[in-house]
Amino acid sequence: MALSKYLYILFALLMSCVTIKTSNLKCEVCCRLVEEIQRNVSSVDPSNIVQVSNFRLDGNGNQIKHTIPLARSQLYLTEVMDSVCEKMNDYVRATFKKNGTLTVMPLLLDGQMNPLMSEVDVVQDSDLNKSLQYYCEDIVNDIEEDLINIIKSGNDDQIVHSICTNVMQLCPKKDNKIEL
């Protein structure tokens, strides 16, 4: 009887550790996802504009049209959402040697080996990091509309925090209290 209690407690502790690691991983994947989307949006020439309209007519019976940057258009952002998670194949799970903090990072930056590779230990896993793409697709499926609306708004200052912490609630909120 006592042995079964100990086994149950041990199992519960192990499951909580796995849950913590998974939630940290999902937070990291969310952050890299938003950064990839931002990189895609910022790579589009700002002079590329598209004309958009809705189905409403003005007083003269004309359709109201206006122009917006291509990178902020619904069509472009939907295409980005459809393909962005494939880039997770170029990312690896790793832990920093200094403090053991989990990170998800690209292997290559601008065609060169990521300079942070010497500061981390790559986590070897049996699925060859396919779970990164799975978590990414899961996040996109859950909040694609929210992602598109936030990116369309053009407020890029705190977009990673806004999406991964406030909308998805995958990353812990930072405590900004200052002790005196």
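In this predicted model, the axes of helix 3 and helix 4 come within 11 Å and cross at roughly 150°. Angles over 145 degrees count as roughly antiparallel. Helix 3 and helix 4 are therefore roughly antiparallel to each other. The crossing of helix 3 past helix 4 is right-handed. Which residues meet there? Helix 3 brings Ile 143, Asp 146, Leu 147, Ile 150 and Ile 151. Helix 4 brings Ile 159, Ser 162, Ile 163 and Val 167.

Now step back to the whole chain. It holds four helices and seven strands. Along the sequence their pattern reads α-β-β-α-β-β-β-β-β-α-α. The chain has 180 residues, and 30% of them are buried. Consider next the contacts with a separation of 6 or more. Residues 24 or more positions apart account for 61% of these.

Return to helix 3, which spans residues 130–153. Where does this helix bend? The bend is at Ile 143 and comes to about 80°. Ile 143 is also one of the buried residues of helix 3. Others on that list include Ser 131, Leu 132, Gln 133, Tyr 135, Cys 136, Ile 139 and Val 140. Further along, Leu 147, Ile 148, Ile 150 and Ile 151 are buried as well. Of these, Leu 147, Ile 150 and Ile 151 belong to the contact with helix 4. Just after helix 3 comes Gly 154, with a positive phi of about 80°.

Helix 3 has another partner to look at. Two packed helices are described by the angle between their axes and the distance between the axes. Helix 2 covers residues 74–83 and packs on helix 3 at an angle of about 140°, with the axes 10 Å apart. That angle makes helix 2 oblique to helix 3. Helix 2 passes helix 3 in a right-handed crossing. On the helix 2 side, the contact is made by Gln 74, Leu 77, Thr 78, Met 81 and Asp 82. On the helix 3 side, it is made by Val 140, Glu 144, Glu 145, Leu 147, Ile 148, Ile 151 and Lys 152.

Glu 144 sits in helix 3. Is it buried, exposed or partly exposed? With a relative accessible area of 22%, Glu 144 is partly exposed. Leaving out residues up to four places away in sequence, Glu 144 touches Thr 78, Met 81 and Asp 82. Asp 82 and Glu 144 are 62 residues apart in sequence. In space, their C-alpha atoms are 9.6 Å apart.

Beyond residues up to four places away in sequence, Thr 165 touches Val 160, Cys 171, Pro 172 and Lys 173.

Next, look at helix 1, residues 2–42, which contains Glu 28. The cut-off for buried is under 20% relative accessible area. Glu 28 has 17% relative accessibility, so it counts as buried. Its contacts, again without residues up to four places away in sequence, are Leu 102, Thr 103 and Val 104.

Finally, turn to the backbone. Most residues other than glycine have a negative phi, and most peptide bonds are trans. Asp 110 is not a glycine, yet its phi is positive, at about 55°. Where is Asp 110 found? Asp 110 lies in the loop between strand 5 (108–109) and strand 6 (112–113). At 83% relative accessibility, Asp 110 counts as exposed. Gln 169 is not a glycine either, and it has a positive phi of about 55°. Gln 169 lies in the segment after helix 4. Its relative accessible area is 64%, so Gln 169 is exposed.

Terms used: Residues numbered from 1 in each chain as written. Predicted model: local features only at pLDDT ≥ 70, side-chain atom pairs only at ≥ 80, totals over all residues. Heavy atoms only, no water. Bend = angle between axes of the 7 residues up to and from the residue. Helix = DSSP H or I, 4+ residues; strand = E, 2+ residues; numbered from the N terminus. Buried < 20%, exposed > 50% of the residue type's maximum accessible area, 1.4 Å probe, protein only. Contact = heavy atoms within 4.5 Å. Axes fitted to C-alpha atoms, helices over the stretch in contact; angles between N-to-C directions. Parallel < 35°, antiparallel > 145°, perpendicular 65-115°, else oblique. Left-handed = near helix turned anticlockwise from the far one by under 90°.
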